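Please read them with the structure open beside you.

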Amino acid sequence: MTAFVSALDLFSIGIGPSSSHTVGPMRAARAFAERLADDGILDRVTRVTCSLYGSLGATGLGHGTPDAVIAGLAGLRPDDCDPDEVRGAWTRLSDDGAEVRVAGRHAVTMTQGDLSLEPRTRLPGHPNAMTLHGWGADDALPLAEETYYSVGGGFIRREGDAVHESEALRHPLPYDTADELLALCEEHGVSLCDVARSNEVAVHGAEGIDAGLDAIWAAMAVCVERGLATEGTLPGGLGVKRRAPEVRRRLEEYDRDEHVRDTSTEWLHAFALAVNEENASGGRVVTAPTNGAAGIIPAVGHYYLRFVPGADAAGIRRYLLTAAAIASLVKKNASISGAEGGCQAEVGSACAMAAGALCAVLGGTPRQIENAAEIAMEHHLGLTCDPVAGLVQVPCIERNAIASSTAVSAARLALHGDGTHLVSLDTVIETMRQTGLDMMTKYKETSEGGLAVNVIEC
Ligand code: SF4
């Protein structure tokens, strides 16, 4: 099957703090509710239970997974819901129970205990697994049972579902690896972005893909703006203060006197902090390719618009298409899920996407773009996921700022070469996959190792 994943699926507009632990479970719960309705059994359901396994069980509380499940069961969608409606949806149930309107219409009574966190149970399909049951009059036999996997970036897979090939067959320029992608560019004399665009147009049409990309960028821009303007302390109990507004104010002061300093790198950091602080507060965020790593693509895109002469909206479309093409390679041949591959799969992937995409809009050749993405990922190999208190705050927020700088450095370094280099992007993606397999489970979004056990929670 071709590696191609549409930018419109990859960059999905959702809510924080996690694509795999918030957006994915919300979509899975909603899909389950719809199945109950489609199968004609919704009206007989008196109760729904949900078991969150593996990483979903380990860090689900900090990531708002139970709230997301209840909101999804109630029919809410990550892309257009009010984040305030999701926050606290599970907490409000209490032990006495409260009404949940499954699929938005059928009332059942649920308690907090109807959701169970089972971190020690790991299903073979994926570390992020959840099983939902719909119960009727007979307590011994559920009316319906489904298992879903939240496989990273908000994508879900239902146990037993076949992988659909039909969509892939519609792509005129299919590729599985970076080598194949480069060969397509050479064979047709086109850019990497052109390959991605041809595949997108075949599925969405020219107007559809342009409108979709513009909507994605608009959502990213709103997120940056909101993050730069919103003061306060992030939820969750760690007492982490939002830093983006303060950094913004200081940089605006520096910029008033243009001789003070070059602020481009600091703005880059501010953009990333803004997005990840929005994400940590459960706000509206675009997965890129995940929520935990959502700051890097918008930050580098804003850096491009603000500091690169001649940058424009058409460049941002090319930037997003190139980034999505790189993400497709990682998703197909390794993973974009922190629970599967550690943070190298999230922040490392986002950094590679941004580096290659920036290189593209700075005029890089396909081989230079491939080189930039490779440099960015190579220096994230082995990066673990160990969020303190299971919250997507420490180290995640700063990590996005630093990775944004790495992406810019990787793009600029690659532009100094001719694209010839020793380690290929395919090799580094495969190395990331193997490193993820070798990584101990405690470093893969369980909060059982690393910073998560060495930082004292107040
Ligand atoms: S440490 Fe990395 S992979 Fe883990 S939650 Fe934070 S950003 Fe995501």
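1. The expected span of a helix is taken as 1.5 Å times one less than its number of residues. This is a predicted model, and helix α12 can be held against that rule: its 12 residues, 296–307, should span 16 Å, and because the end C-alpha atoms are 16 Å apart, the expectation and the model agree.

2. Helix α12 is mostly covered, with 9 of its 12 residues buried. The buried positions are Ile296, Ile297, Pro298, Ala299, Val300, Gly301, His302, Tyr303 and Tyr304. The cover over these residues includes the helices α9 (206–229), α11 (264–280), α13 (313–333), α15 (343–361) and α17 (396–415).

3. As for the chain as a whole, 19 helices and 9 strands are assigned, and the C-alpha atoms fill a box of roughly 70 × 50 × 40 Å along the principal axes. A compact globule of 458 residues would have a radius of gyration near 23 Å, and the chain, at 22 Å, therefore agrees with that expectation. Buried residues account for 57% of the 458, and of the contacts between residues at least 6 apart in sequence, 75% join residues at least 24 apart.

4. The chain carries 37 positive and 61 negative charges, whose mean positions lie 3 Å apart.

5. Leaving aside neighbours within four places in sequence, Ile375 is in contact with Ala410, Leu413 and Ala414. The C-alpha atom of Ile375 is separated by 9.4 Å from that of Cys351, which is 24 residues away along the chain.

6. Two cis peptide bonds deserve a look in the viewer. One runs from Ala288 to Pro289, with omega near -5 degrees, and Pro289 sits in the loop between β9 (284–286) and α12. Another joins Val394 and Pro395, with omega about 10 degrees, and Pro395 is placed in the loop between α16 and α17.

7. Please also check the backbone at Ser94, which is not a glycine and yet has a positive phi of about 55 degrees. Ser94 lies in the loop between α5 (83–86) and β3 (98–102), and is partly exposed, with a relative accessible area of 26%. Ala103 likewise has a positive phi, near 60 degrees, and is found in the loop between β3 and β4 (106–110).

Methods: Residues numbered from 1 in each chain as written. Predicted model: local features only at pLDDT ≥ 70, side-chain atom pairs only at ≥ 80, totals over all residues. Heavy atoms only, no water. Helix = DSSP H or I, 4+ residues; strand = E, 2+ residues; numbered from the N terminus. Rg over C-alpha atoms; globule rule 2.2 N^0.38 Å. Buried < 20%, exposed > 50% of the residue type's maximum accessible area, 1.4 Å probe, protein only. Contact = heavy atoms within 4.5 Å. Lys, Arg positive; Asp, Glu negative; His and termini not counted. Charge placed at Lys NZ, Arg CZ, Asp CG, Glu CD.
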